[in-house]
Amino acid sequence: MGRRQALRWMSAATAAVVLGAVLIAGAVSPTQAATHRQASTTSFVGAGSTFDLPFFKAAFKAYAQSHHVSVNYQGLGSGAGIKQFTANTIDFGATDVPMNTSELALANRTGSPTVQLPVALGGVAIAFNLSGIGRGELRLDGATLAQIFMGKITTWNAPAITRLNPSLKLPNLSILPVHRNESSGTTYITTNYLTSVSSAWANTLGTGKIVSWPTGLGGKSNPGVAAAIKQHPGAIGYVELAYAIDNNIPYLKLKTKAGAFVLPSQATVRAAAAQFPHVSYKHFSIVNAAGPTSYPVAGYSWVLLRQHPRHDAAALVQLFHWTVTSGQSYATQLNYVQLPTAVQGQALQALNGIK
């Protein structure tokens, strides 16, 4: 090999070494790659309340845009959320009625202790389908509504209804009560209200996530009930307020404990919640509240967390810290009510116990 050829060979070899060094320096180590993937793909799975679904969908989408967290939440109903949480197959559950003592005992056998915190506040609209009668034009009281859902009042022009609506021309049309057909926190809130205003209801059907409906049509989840009401003339049923508004379904005025007739709204649900400033997972009902402007079918929804989550405890706490504080702005955009200050404080205190 001549001197000039040797120099050319050495130069090429040196360049290859330098290029290799540059490539190695620019490469991401396996540890760095794993850290990057974790930062961009931290994910949580939740299930439960469809009462919360519109709020969670909007809030979690917004949160994902500014944090390295994604949330897959399935609105399956409160009962299903409790069941999956108890089985320890999800990171969090959501329910419109907190877990009771026996449910908590069962859940605590499958994981660390359960932490329940309020996350949303809203009203349950009594929606209906009557041609020519719009939102707020129809009025009912609790006793009459109970009789309808019990199958005791079967036509829209029945005397008990016409007495409450003297200015309306009500049709001789069969009433079709529509209710949930699965374990539901929205059913619990509604039947809790009916129990509080009707002794006939209290002595037969009572309060529960599931009751033995004597008549009517069952629908799955809030969307299913809303769809059934919209599809069947003469139907009446209960849905979280956002579903009635989003589906353009009329809803009625209910008689308050004070004797006034009010629609569900942010103002009337807020007024109801103000009558119960110290809710807890043991004392959570706010139905049939005092006050002339308190809408009588309202309630909180609750998130279920483990004291020691399955993974990424800090990120999970940060997610729900945001949800009960800044994230409440997404709730108000969807006709929920922002958590009252005292209730928000209770939620934050509960989060402090999660490690």
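**A walk through the predicted model**

Ser221 is part of helix α10, which covers residues 221–231. Most residues other than glycine have a negative phi. Ser221 is not a glycine, yet its phi is positive, at about 70°. With a relative accessible area of 11%, Ser221 is buried, because buried means under 20%.

Asn88 is another residue with a positive phi that is not a glycine; its value is near 65°. Asn88 sits in the loop between α4 (78–86) and β3. Its relative accessibility is 24%, so Asn88 counts as partly exposed.

How confident is the predictor in this chain? The mean pLDDT is 90, and 89% of the residues reach 70 or more. Over residues 1–38, however, pLDDT stays under 50, and for this stretch the model has four contacts beyond four places in sequence.

Next comes the sheet. Eight strands form an open sheet with mixed pairing, in the order β2-β1-β3-β11-β4-β8-β6-β7. At its edges are β2 (69–75) and β7 (217–219), each of which pairs on one side only. Neighbouring strands are turned by 25° against each other on average, direction ignored.

The pairings can be followed along that order. Strand β1 (residues 42–48) pairs with strand β3 (residues 92–95) in the parallel sense, over three bridges. Gly48 has Ala94 in β3 as its bridge partner. The pairing of β4 with β11 is antiparallel and runs over nine bridges; here Gly122 stands opposite Gly299 in β11. β4 also pairs with β8 in the antiparallel sense, over five bridges, and Phe128 has Ile236 in β8 as its bridge partner. Of the 15 residues of β4, 15 are buried, so this strand is largely enclosed by the rest of the structure.

Which strands does helix α6 lie across? Helix α6 (residues 142–149) lies across β4 (114–128), β6 (176–180) and β8 (235–240), and runs at about 110° to β8. Helix α15 (residues 341–351) also packs on the sheet, where it touches β4 and β11 (298–306); the directions of α15 and β4 make an angle of about 140°. Gln344 belongs to helix α15. This residue is buried, with a relative accessible area of 18%. Leaving aside residues up to four places away in sequence, Gln344 touches Val324, Thr325 and Leu339.

The last topic is charged side chains. The count of salt bridges comes to three. In one of them, the side chains of Arg310 and Asp91 meet at 3.1 Å, N to O. This pair links distant parts of the chain: Arg310 is in the loop between β11 and α13 (313–323), Asp91 is in the loop between α4 and β3, and they are 219 residues apart. Arg310 counts as partly exposed at 40% relative accessibility, whereas Asp91, at 6%, counts as buried.

Lys209 and Glu103 form a salt bridge too, with their closest N and O atoms 3.2 Å apart. Lys209 lies in the loop between α9 (199–202) and β7, and Glu103 in helix α5 (residues 101–107), so the bridge ties together parts that are 106 residues apart in sequence. Lys209 is buried at a relative accessible area of 17%, and Glu103 counts as buried at 19%.

Arg180 forms a salt bridge with Glu182, and their closest N and O atoms are 2.8 Å apart. Both of these residues, Arg180 and Glu182, are buried.

Notes
Residues numbered from 1 in each chain as written. Predicted model: local features only at pLDDT ≥ 70, side-chain atom pairs only at ≥ 80, totals over all residues. Heavy atoms only, no water. Pairing = 2+ DSSP bridges. Helix = DSSP H or I, 4+ residues; strand = E, 2+ residues; numbered from the N terminus. Axes fitted to C-alpha atoms, helices over the stretch in contact; angles between N-to-C directions. Contact = heavy atoms within 4.5 Å. Buried < 20%, exposed > 50% of the residue type's maximum accessible area, 1.4 Å probe, protein only. pLDDT = per-residue confidence, 0-100. Salt bridge = Lys/Arg side-chain N within 4 Å of Asp/Glu carboxyl O.
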